[in-house]
Amino acid sequence: MDDRILTAISAETFVQGTIRTHGSIRIDGKVEGNVYDAKNVVIGEAGQVQGDIVAEAVVIGGKVMGNIQSVKLVQILAHGAVMGDIRTKSLHIEDGAVFEGTCTMSKQDGSEAESGKPQEKKNRLVTSLPK
């Protein structure tokens, strides 16, 4: 499948409600609501999401106030901030990023909750790394 950004919410845009997309989305504006079923979600430095995100991969350069579930990767960039719980296979946090919440990392594809088997590692992490 194509990894290009198919949907963009610009810096001057405010969206209220649920977004469902099977493609990739970049958010530079403000979203109050959940983002579901996305391939890749990129939150730009000016972007804000107040709601949950469910996607294959999530990259945060802005601010997310909500829970994130990703089967592959969550990456919080240096200017990014996440206030909420993360469930993912892989978590990358750059210096300067802020993460306040619980992280559950699966050993496989992020579907350990469905299998009912304890294949996870939970960490409570509150961090603000120096720039």
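1. Lysine 30 pairs with glutamate 32 in a salt bridge, with 3.7 Å between the closest N and O atoms. In this predicted model, lysine 30 is partly exposed at 31% relative accessibility, and glutamate 32 is partly exposed at 26%. The search of the whole structure returns five salt bridges.

2. A salt bridge also joins lysine 72 to glutamate 56, where the closest N and O atoms are 3.3 Å apart. Lysine 72 sits in strand 10 (residues 68–76) and glutamate 56 in strand 8 (residues 53–60), so the pair ties together parts that are 16 residues apart in sequence. Lysine 72 has a relative accessible area of 46% and is partly exposed; glutamate 56 is likewise partly exposed, with 27%. Both residues belong to a network of salt bridges that links Lys39, Glu56 and Lys72.

3. Aspartate 37 forms a salt bridge with arginine 20, and the closest N and O atoms are 3.2 Å apart. Because aspartate 37 lies in strand 6 and arginine 20 in strand 3 (residues 19–20), this pair ties together parts that are 17 residues apart in sequence. Arginine 20 counts as exposed, at 58% relative accessibility, while aspartate 37 counts as partly exposed, at 36%.

4. Is threonine 88 buried or exposed? Threonine 88 is buried, because its relative accessible area is 0%, and the cut-off for buried is under 20%. The residue is in strand 12 (residues 86–88). With neighbours within four places in sequence set aside, threonine 88 is in contact with Ser70, Lys72, Leu73, Val74, Thr104, Met105 and Ser106. Lys72, one of these contacts, is the residue that forms a salt bridge with glutamate 56.

5. Alanine 11 is in the loop between strand 1 (5–9) and strand 2 (14–16). Beyond its neighbours within four places in sequence, alanine 11 is in contact with Asp28 and Gly29. The C-alpha atoms of alanine 11 and glutamate 45 are 9.6 Å apart in space, and the two residues are 34 apart in sequence.

6. Overall figures follow. The protein has 15 strands and one helix. It contains 131 residues, of which 40% count as buried. Of the contacts between residues at least 6 apart in sequence, 11% join residues at least 24 apart.

Definitions and conventions: Residues are numbered from 1 along each chain as its sequence is written. This is a predicted model: local features need pLDDT of at least 70, side-chain atom pairs count only at pLDDT 80 or more; totals for chains, interfaces and linings use all residues. Side-chain values use heavy atoms; hydrogens and water are left out. Helices (H or I, at least four residues) and strands (E, at least two) are DSSP runs, numbered from the N terminus. Contact means heavy atoms within 4.5 Å. Buried means under 20% relative accessible area, exposed over 50%, partly exposed in between (1.4 Å probe, protein chains only). A salt bridge is a side-chain nitrogen of Lys or Arg within 4 Å of a carboxyl oxygen of Asp or Glu.
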